[in-house]
Amino acid sequence: MTQEKIVAIADSVTVGELAETLNLPVTTLVGELFKNGIAATINQRLDFETASIVVEELGLEVKLEKKESAAQARQAHQLSDKAVPRPPIVAVMGHVDHGKTSLLDAILDKKTVDDEAGGITQHISAYQAERNGRMITLLDTPGHEAFAALRQHGAVLTDVVIIVVAADDGVKPQTVEAIRFARTANAKIVVAINKMDKETANPQLVKTQLASEHGLNPEEWGGDTVMVEVSAKTGQGVDKLLDMVLLVADMEDLRADEDVSAEGLVIEARMETGRGAVVGLLVEHGQLKPGHYIVAGRTYGRIRTLQNFRLEAIKQAGPSTPVVVTGFKEPPQFGDSFVLAKNEKEARQMATEARIEREKLAATTNVTGADILKMMSQQHDAEEFNVVVKADVQGSLTSVVDSLKLIETNGEVNLHIIGTGVGNISEKDIHLATGKNTVIYGFNVDLPPAVKRLATREKVEVRIYQIIYELLDDAKNSMELLLAPEVVETEVGELEVKGVFRTLREEVIAGGKVLSGKVMADVLARVKRKGELLGEVEVTSVQRQQQEAKEVFEGEMCGLSLKTTKKLNLEEGDRLEFFTRELVKKTL
Ligand code: GDP
């Protein structure tokens, strides 16, 4: 029995590193990623989830284990004995229109903030609420993508995620995404079942969906997920929700050091006329004060003004406090960590070092998907076709060698002449040709039986020709066989999803109208929502009027069975772009 190999990778891993871990050629891994709709190059970073999917698909006996990122480890180590309890950091997430903003408003009575800012709705991405004398830091999630970026920086940002689900609408795709986010971020989940004031509210259905499909079992059913029924409109249940958030957070023993140099994260940054870079920060440790020299990513500055989330000037800000500062030379990037420096010189130096580091990184990452084919071929640069040439007389040897040298190559495969000579093939030639991709060409010469036996034993290819063009054709064909095949995609048609009938882990049954071209079984499809690529699926069968159909054309309605590699939450209105993908043998 093979023993399961367990490999720990960090939050993300480069394609090259993963290939090495898996003991696979990089091209194989790139090809596998490509099949999954991910165009990646050797230096590109894959997140943990993508890496896991690919490893699973390759059927390898490898179990990836999440390794704490450096930042996580650093944070964990840094806590001293003097660390004090800190407010929990809570993100509010959920499907669009389920009431995230309304709930935040209800919690914060945010209107006062807007009024104080003189009627201008300031965008602030974090707030603090007070409940029974205790503080709760709330993050207004700036889109799930930005959140993922924060996570990539290794930030242990959210302690608790409040997942808002409308009681009259139930679990939706972004609800599922929020659950997944909370889990990968290792945050505790509290479910807020919102819109309870509505007549159509059906909290039981929400609980059933969460329990049966997403493993979130309500406490009242003996599970361990806290679910609170609320109404952002009437305020019902909001206090209870905050109590529950504090209770869940208490089980985590959240602490921070106050007696250290301040550090934390950039949660927003923009330029404002008259104020320069206006930067939202979340303090994680220490006390941040005006006058401090601060470095975040590749920029630095001296804190000129320090405000709380209500935009009131404050003298200092401790752990879990969101603040707005000015004084940075340029806006840092969302997700950058910040630290303090002793003086301007040190701050500048640290920022410069970070800039150099980042430029180095930029040089190795962010290669676009379009480069993939080039990348695949570059991987084959190393391919060499080695030949030993023997001919009857010096004159023909020279012409064969010269002609071989003239075979045009595109840089993906090179021809090397490793030996030449006049006379029959000898044992010495065989010994010379035992390497990989090596052939002995004989022109008008013999292969004596003893040498032939040696060649067979050593698995050396000997090819004898009397006509020079045949010899050259053979060499060219042999070189073409060493070229990586080219991936060619051909567009077939497009369809708009009109209904989704069944969603399983690896299969989705849906119906729709063919907008252009046609659809048939065995084609692939890119799934797009508002132009954004959600994934790639395979069409396993096509039906027209409940009958299996060979092809369905533009203007017609049809049903489709789609094979998916990961769960796909297809929705009405999504587009499917059908195409075929073939590996085409390249020629020189
Ligand atoms: P978000 O997209 O999740 O931020 O949702 P919003 O907070 O913008 O709310 C979407 C819509 O639902 C708005 O029209 C709100 O007025 C409404 N809404 C939010 N919460 C409640 C609630 O508890 N009860 C009712 N009846 N409507 C709500």
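## Close-up views of the predicted model

**View 1. Residues around the ligand.** Helix H5 (residues 100-108) gives the largest share of the shell around the ligand, three residues; helices are DSSP runs of H or I with at least four residues, strands are runs of E with at least two, and both are numbered from the N terminus. The shell holds 15 residues, and Asp97, Lys100, Thr101, Ser102 and Asp197 come nearest (near: a heavy atom within 4 Å). This is a predicted model, where local features need pLDDT of at least 70, side-chain atom pairs count only at pLDDT 80 or more, and totals for chains, interfaces and linings use all residues. Residues are numbered from 1 along each chain as its sequence is written, and side-chain values use heavy atoms, with hydrogens and water left out.

**View 2. Oxygen atoms of the ligand.** An N or O atom in the side chain of Thr101 sits 2.4 Å from a ligand oxygen atom. Backbone N or O atoms also take part: one of Asp97 is 2.8 Å from an oxygen atom of the ligand, and one of His98 is 3.4 Å from an oxygen atom of the ligand.

**View 3. The barrel.** Here six strands close into a barrel, in the order E13-E14-E17-E16-E15-E18, with antiparallel pairing (strands pair if DSSP finds at least two bridges between them). Strands E13 (residues 263-272) and E14 (residues 276-285) are joined by nine bridges. Follow Leu265 across to E14 and you meet its bridge partner, Leu282.

**View 4. Confidence.** Mean pLDDT (the predictor's confidence in each residue, from 0 to 100) is 82 for the protein, with 84% of residues at 70 or more.

Notes. A polar contact is a pair of N or O atoms within 3.5 Å; within protein, one must be able to donate a hydrogen and the other to accept it, and residues adjacent in sequence count only if both atoms are side-chain atoms.
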